[in-house]
There are 2 protein chains.
Amino acid sequence: MVQDQDNIIGAKQAKTKFSAKNPFFCCVISHTATSEVPGLTVAGANPDLVKYTSPADAEFLHYGYCRCIPGVPATPDGKPTPAVITKAALELAEIPFLVVDAGTKVKPDIPCVSLGVKPGGNIAQENAMDVSDTKRALEYGHALGRQLARSSDLVVIGESIPGGTTTALAVLSALGVDAQFKVSSSMPENPHELKNKVVQSAFARARISTADGTPALEAVSLVGDPMMPTVAGITAGALEAGGAKVMLAGGTQMAAVLAVMKGLSIPLANLCMGTTVYVAKDSSADLAGLIKQVSPEVPVLACDLQLEKSSKPGLQAFARGFVKEGVGAGGSSIAAMLKTNASGKKMLAAIERVYERSIEKKSLT
Amino acid sequence: MVQDQDNIIGAKQAKTKFSAKNPFFCCVISHTATSEVPGLTVAGANPDLVKYTSPADAEFLHYGYCRCIPGVPATPDGKPTPAVITKAALELAEIPFLVVDAGTKVKPDIPCVSLGVKPGGNIAQENAMDVSDTKRALEYGHALGRQLARSSDLVVIGESIPGGTTTALAVLSALGVDAQFKVSSSMPENPHELKNKVVQSAFARARISTADGTPALEAVSLVGDPMMPTVAGITAGALEAGGAKVMLAGGTQMAAVLAVMKGLSIPLANLCMGTTVYVAKDSSADLAGLIKQVSPEVPVLACDLQLEKSSKPGLQAFARGFVKEGVGAGGSSIAAMLKTNASGKKMLAAIERVYERSIEKKSLT
């Protein structure tokens, strides 16, 4: 069966340590005004649409279509949201899920857990979060994580926050991690210089020096985003409840969450990361290098969704460095394959079915 | 084992049909301004505190203490909230739970699913809900119920809405059920005449005649409360997802939800009611008579928590007709006993521990 799943890097390890008989998927959606810096993200067909991306992703998971926008979230040149992959994984394996609204700018038209925190500020100009919001996100996340762990053996936590790799770079750097040129991007041409510039402005504004150690919650409040303390809190609560393990489903943004948790002395045993090979093997970033610095003991599982073999141009693009990951696409796919023993081929077929039902149907109308 | 559980009326039936290997508890909290009619409810130490009761109950479930009020919700003469029982049941059996905010007036300080509906109006004077809110509660509930059913074999749904038996009387009557003098009360002296008067005013205002059939959603919007379509939606979604069964945890308020679901042609197989004997045997009400009229095929399980044997005066009071039920106390206790095979004695001990930790500690400070 592991043979069938050679498309998961680290599948044997996953099978041994991270069972997923009844995984639960939790998707944290959020906004940071940092995403409004021109050129930083393509998670939206145009800059005005970026704030709709995370709520639209959440709506897509629930209904198979979006309500706050026509069609689905896409890049300006039409590459679709990775929520297509997540939706397919959740459906294939009948994985229950819950959306957590941690500071969206546009509210999704779905039932979701609201943490009552404000959207994140543009870190180049203002603090990311009020300290009270950071603490509430952490505390509420913790209370929620405890409950999710009681109904699941593997809590998989994904995110949708456009611009999140820039705040990830900022928080990683503030916590002393050498992260420049290492965070990933939704674009094939990773705008590292622009990200570095934004972080530089943020550090000057917030008087952060990479030489000094910044306390984790302070780093998040000054230059992070609301997704980070929320995911850290859910993870901490789930691990504390005992029994369940946790998978952080995402790319380099989750490395920042890992660094925050380490800073908060949250034990990282029983935790893994799950992502796509498109992030894991991204030559314009260095996920492995980040994890090695932050917490080398946390295993990184990566699934090869074989999207280059797809007949759908929008899916092929993922394999060519567009979008790559997001909405927990990689982690939820790994959980689905672990739960059902589905082959990579079956998984790809499921993704294509969702693509046909949503993207292709939409472009016809 | 069934012998150990003779304190559940219908335990054999429950064991056969309603397994609870991994139950999930969902608590719907809500407000109806109908509760502000003087003399209708004692779910609050004084009338000004009634709006805090349901959020405080939810906070108690999460933290073991309340945040929006000092102490715990209580009647004017100090009888504590049934959330003490629910908390004990959830802890004893490690049952995961989620709170759904369906129109509270005071927001609880916890992570909860918010449905974005307004508190219910005072039905004597105004419509209970906008039709759009009723539909959203039903739709969001449905989407949520689908997910809960995927992670559980028994979704137990409780409620906390002061004044809810009066809106229950109104909706039952509007749907053609003979409910006068049959709904329960948090007081030993059930204020039937006052309830009848409020419903009479509501019917005159909304031009409802018991002779005509009122469509279910219209009845809820005119003279119901936001808890009803929410619970109906969660139930419908959970049952539709397949696999899971549903227990409506509560007294005569849940009979109204049952009537609404019947009116919406939601199939009621795989559904049961779970309550306390204090409601089931309440001589001032007639739960069995209501169920018999609405849907005799739905089994009613009732647990005898043997609170008359407790050394705690606040718990003894439940057995003497005060409070009786609420916050899914009866249903969550049944689920806990089914899951753990705990005896009634063990259950009582667990309840007393929570009572000591919260009520007695609080009264010392």
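The axes of helix H8 (residues 227-241) of chain B and helix H9 (residues 252-263) of chain B come within 9 Å and cross at roughly 65°. Helices are DSSP runs of H or I with at least four residues, and axes are lines fitted to C-alpha atoms over the stretch in contact, with angles from 0 to 180 degrees between N-to-C directions. This is a predicted model, in which local features need pLDDT of at least 70 and side-chain atom pairs count only at pLDDT 80 or more. Residues are numbered from 1 along each chain.

**Exercise 1.** Describe the contact of H8(B) with H9(B).

*Step 1.* Contact means heavy atoms within 4.5 Å. H8(B) contributes Met227(B), Met228(B), Val231(B), Ala232(B) and Thr235(B); among the residues of H9(B) are Met254(B), Val257(B) and Met261(B).

*Step 2.* The contact residues divide into 9 nonpolar, 2 polar and no charged. Here Ala, Val, Leu, Ile, Met, Phe, Trp, Tyr, Cys and Pro count as nonpolar, Asp, Glu, Lys and Arg as charged, and the others as polar.

**Exercise 2.** Find which residues Leu248(B) touches.

*Step 1.* Leaving out residues up to four places away in sequence, the list includes Val231(B) and Thr235(B), as well as Met254(B), Val257(B) and Met261(B).

*Step 2.* Other residues touched by Leu248(B) include Ile157(B), Leu271(B) and Cys272(B).

**Exercise 3.** Relate chain B to chain A.

*Step 1.* In chain B, Val113(B) has the C-alpha nearest the axis, 2.0 Å from it.

Key
Chains are lettered from A and ligands numbered from 1 in the order in which they are written. Side-chain values use heavy atoms; hydrogens and water are left out. Helices (H or I, at least four residues) and strands (E, at least two) are DSSP runs, numbered from the N terminus. Copies are superposed by least squares on the C-alpha atoms of residues with pLDDT of at least 70 in both.
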